[in-house]
Amino acid sequence: MDELMVDGNAVAGLLQQVFAIEMTTALGRCNECGAIEAMGATRVFRGAGIVMRCPRCDNALVTMVTDDERLWVGFPGVGTLEVRL
Amino acid sequence: MAGTAVLGRLKWEVADVVEIVPETPRVKRIVFEVPGWAGHRAGQHVDIRLTAEDGYRAERSYSIASAPDGTRIEIAVERLDDGEVSPYLTDELRPGDQIELRGPVGGYFVWEPTEGGPLLLVAGGSGIAPLMAMIRLRAAARSDVETRLLCSSRSWAEIVYRRELDQLSGDGLTVAHTLTRTQPRGWTGYTRRVDREMLAEVAQAPDESPLVYVCGPTPFVEAVATALVDLGHEARLIKTERFGATGA
Amino acid sequence: MSLISRGFRGRRADGDPARVPPGQYLTPDFPVLSAGPTPHTPLERWDFSIVGEIDEPRRWTWEEFQALPSEEVTVDIHCVTKWSKLDTVWRGVSVDTLLNEVETSAEYVVEFADGGYTTNLPLEDVTGGKACVAFEYDGGPLEPEHGGPARMLVPHLYFWKSAKWVRGLRLLATDEPGFWEVNGYHNYGDPWREQRYWGD
């Protein structure tokens, strides 16, 4: 278990800058194992960018890369998000 | 207000440093005045950004330890010797300085009295911060939700918010400490790292379905969450906030 | 520009500014950054393969890999997250050695690693002495957190192009963007032209 790992909750600020709504309680479905989990419960890794991984199977669900003006959000492992309005 | 509202896009705000107060030999409480702060939920955090003269930047997240209180928020910063940001905040920052912060952030690791309980809060060191916001909010709201806090610290002197926890105990809040490195003479409490047996003794029974919040260094949180699941607590009722190794 | 934090310096190292690409800062440490959990492949199961557009795939076990000629190199490394580290010392097997006697018409390569990470480059960026598969850092075995038992070392590009926990190279006729290239980082990644993100 890596000490660098934090929860999806830790990257909530970046997520909110993109979506303007609370993202950590959004649910996503892992394309690999089918688990449906809150984004706040993902296992977050900081590499060249941020990677949010499925807490069940470690599949990379969401990625985030940012400079000071732009944010690139990737969804390599999540097909659909459920968000409360 | 569980669930979400449309919160609007976050941006970096300039906050004023109001007060810096030593809490333990390694931890200081820092109070900010944030113009336009619209309140926050217990458990949320702020992102802080520092910029050096040559443009070099560092960002860290800190849990808000205060219950909503107008435009003031409080964080607790532990000075890590080899840290980059924490020594600046604890040694250099002064009242009157300004700082950039973004927040409040996080809707996953939050609790409010309307969610009920019972509550089990497990803190490792400065991981008490977001749980303190919950405890303070509970007191301010005069909530009678049955709440148990298990707090792991290196020593008596290093218990963060010790005096206030002492004062707030009672009225349905019980606080248990474990002191893992040194203990004062006559100490009859726990003296080891939080483990399955300790949790079995301190926590509510799994069939009471407590809402669980665990916060602290990543290995601590991992061990506690695993032990609670082993004891029969439902994983979906356990929320974690891990301070990764970059929290320096 | 944003607010300057009075008295904040951060932890920077001193060094020759001419060796620091634009937008980078020198670090005294060796930050550990990872896109995923640290894999732990036992050496008995480890292998390195070259596959794809090739006459015959090549494969080396750890013993076979250790028996190949290796060299010690001292290079500067630059991470896209803005830290640079000068004069880092590694020991590795040159990619030229691995591609020796390989027949290929491929022009591109993808590094693939344990955990699923990939990164892509033109083949000419890993040949001609520009890249090696490193298994020692600073005189000792490469630690898992830094990519051990073996990682790619391609120092002329941003360090995300040097895959940790590398297990092989796939040779291709066409370019195939890897993990970070798909998700926001630049397809090539030259630190001297500050090619960090898409469109830079």
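**Burial in chain C**

I started with burial: 38% of the 200 residues in chain C are buried. A residue counts as buried if 20 or more other C-beta atoms lie within 10 Å of its own, as exposed if 12 or fewer do, and as partly exposed in between, with C-beta atoms placed from the backbone. I noted that this is a predicted model, where local features need pLDDT of at least 70, side-chain atom pairs count only at pLDDT 80 or more, and totals for chains, interfaces and linings use all residues. Residues are numbered from 1 along each chain as its sequence is written, while chains are lettered from A and ligands numbered from 1 in the order in which they are written.

**Overall form of chain C**

Next I looked up the elements and found three helices and eleven strands in chain C. Helices (H or I, at least four residues) and strands (E, at least two) are DSSP runs, numbered from the N terminus. Read from the N terminus, the order is β-β-β-α-β-β-α-β-β-β-β-β-β-α.

Along the principal axes, the C-alpha atoms of chain C fill a box of roughly 60 × 35 × 30 Å.

**Where chains A and C touch**

Two residues are in contact if their C-beta atoms, placed from the backbone, lie within 7 Å. I found that 17 residues from chain A and 18 residues from chain C take part. On the chain A side, β4 (43–46), β5 (50–53), β6 (60–66) and β7 (71–74) each supply at least two residues. The largest share of that side, three residues, comes from β6(A).

**Two local spots in chain C**

Which peptide bond did I find to be cis in chain C? The one from Gly148(C) to Pro149(C) is, with omega near 15°. Pro149(C) sits in the loop between β9 (140–141) and β10 (151–153).

I also looked at Trp165(C), which has a positive phi of about 55° although it is not a glycine. Trp165(C) lies in the loop between β10 and β11 (166–172) of chain C. Is Trp165(C) buried or exposed? Trp165(C) is buried, with 25 other C-beta atoms within 10 Å.

**One spot in chain B**

Arg142(B) has a positive phi too, of about 50°, and is not a glycine. Arg142(B) is exposed, with 8 other C-beta atoms within 10 Å.
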